[in-house]
Amino acid sequence: MSSKEIVQAAAPDLLGKLCERIDREGQITFHDWMQAALYDEHHGYYRRHDRQRWGREGDYRTSPERSDLFAATFARYFAMLYEELGSPPEWTICEAGAGGGRFAQGVLETLQDRFPRVFRATRYVIHELSDGHFPSLRAQLESFAARIQFTSLNDVGPLAPGIIFSNELLDAFAVHRVTVAGGKLCEFYVVAGTGGAFAWRLGPPSSPKLVEYFAASEIKLAEGQVAEVNLKIEEWLTQAAAKLDQGYLITVDYGADAVDLYNSAARFAGTLRSYYQHRLIEDVLGRPGEQDITSTVNWTFVERVTRRLGLKTIKFERQDKFLLEAGLLEELEWQSWRATTEAEKLRLSVAAREMILPSGMASSFQVLVQRR
C-alpha cells in the first residue's frame, strides 16, 4: 500500500502531510516523524488548540495539575534561592513549557501571599513553542498580568539573576530510535506500511552524533537491543545556559543514569511509549498528532552537557525527597489550616501522600538543580 492509500484509509491532516513527505523523500527518521507528530506548526500534538492534553479530560496529568501543593512547595524553594542570590531588587523566573498555567499560578499566588518581598521583585516569563497557547494562558493568569511576559526564551535578555524552570519538558523532545543489528548501530526509519499504517525500517545512523553519544558514555548496546537518543536535550540546555548569566537551572523529569537506562534488562526494548486518554498505547506510530509520545531522560547526558556549559550541580534528588526537604509538609499544614471544608482537607492529604509515598508518582521523577 502506498502512503497515498494510507491517507484514504485513515484520517487527519497531519497524517496526510507525513504520508506526502514519505512519498516525496522516501523513508524518514523516526526523530523527524516524532518531531512532526508532536510539533507540526498546525497539527502537532503540542501545537493544537483544539485538544485538551492534560487533566482528567486529557491524556496525562502532571504534578501541577494533580495538586496545588507542588507549585506552592516550589515557590517556597524559589524564595529561598532568591535569598541565596542576595535578594536582588529585580529577578526573573522563566518557566519553559507552562502547560495549562497551573504551576505559574500556584507559584505567583504563594509568593504574593507569603513572600511579598520576593513577589514584588519577580518578573515571570513563560516560554512556549507556539504563541497560539498564549490567549488561554493569559486568561488563566489574568490576575498577574502585570508580572508575566509571554515570549520565546530566544527573545528574553540575559537572566541576571534568575531561574529557568521546566517540568516534564525534556522527555517530550523528539528522539532518534536505534538498535544493534549484525554488530552495527542502526537507526529506525518510518515508511508507508501495509493495511493503512506506518511501519518501521532499519537503516544506517542519520548522524555521527548517534555513535558519539554512546561512545561518550562508554555504553555498548547488545545485539537486538533498542534504545532512544535525545539529542534535542543538548540544544535546549545550550539555549537555556546562554540566557542564564547568574542564577539557577531547575529541571524536573523522569529519567535514569546512562548505565541503568541502556544496560537494564527491563529496558531492552527501550523506553519509547505513547499515551492516549490516560492509557498506554503500544502503537507509537498510530494517531500522529492525537497522542503523546515520550521517552525516559538520560541524566548522565544532561549533567555532561551542563558541566561543559559551565553549570554546577548543587542538588539532584528524587522528586519526593526534594519536595519533603523543600517544605511540602509545612505547605500541607498551612493549606489544611486555611481549608474551609473537610473534603478540601482530605483532598490535600491524599495529594501529599501521592507525592511522598515510595509507590507514588513523585518517586519516579527527579529534580536537578544547577547554578551559574
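This is a predicted model: local features need pLDDT of at least 70, side-chain atom pairs count only at pLDDT 80 or more; totals for chains, interfaces and linings use all residues.
Residues are numbered from 1 along each chain as its sequence is written, and side-chain values use heavy atoms, with hydrogens and water left out.

What does Arg102 form a salt bridge with? The partner is Asp68, and the closest N and O atoms are 2.8 Å apart. A salt bridge is a side-chain nitrogen of Lys or Arg within 4 Å of a carboxyl oxygen of Asp or Glu. Asp68 is also partly exposed, because its relative accessible area is 37%. This pair links distant parts of the chain, with Asp68 in helix 5 (residues 68–84) and Arg102 in helix 6 (residues 102–114), 34 residues apart. Helices (H or I, at least four residues) are DSSP runs, numbered from the N terminus.

Glu83 forms a salt bridge with Arg117, where the closest N and O atoms are 2.7 Å apart. Glu83 belongs to helix 5 and Arg117 to helix 7 (residues 116–121), so this pair too links distant parts of the chain, 34 residues apart. Glu83 has 40% relative accessibility and is partly exposed; Arg117, at 43%, is partly exposed as well.

Now look at helix 10 (residues 232–243), which holds both Glu235 and Lys232, 3 residues apart, about one turn of the helix. Their side chains meet in a salt bridge of 3.9 Å, N to O. Glu235 is exposed, with 52% relative accessibility, while Lys232 is partly exposed at 22%. The whole structure has 17 salt bridges, and a network of them links Arg76, Asp113, Arg114, Glu331 and Arg338.

Let us turn to the nonpolar residues. A nonpolar core is a set of buried Ala, Val, Leu, Ile, Met, Phe, Trp, Tyr and Cys residues joined through side-chain atoms within 4.5 Å. The largest core has 63 residues, and Phe30, Trp33 and Trp236 touch the most other members. Helix 3 (residues 30–39) gives the largest share of this core, 7 residues. Apart from it lies another core, of 45 residues, among them Ala79, Tyr124, Val252 and Val369.

Aromatic rings come next. Rings of Phe, Tyr and Trp (its six-membered ring) pair if their centres lie within 6.5 Å; planes under 30 degrees apart count as stacked, over 60 as edge-to-face and the rest as tilted. There are 25 aromatic pairs in the whole structure. One of them is edge-to-face: Tyr213 and Tyr262, 6.1 Å centre to centre with 85° between the planes. Tyr213 is buried at 5% relative accessibility, and Tyr262 is buried at 4%.

Definitions and conventions: Buried means under 20% relative accessible area, exposed over 50%, partly exposed in between (1.4 Å probe, protein chains only). Helices (H or I, at least four residues) and strands (E, at least two) are DSSP runs, numbered from the N terminus.
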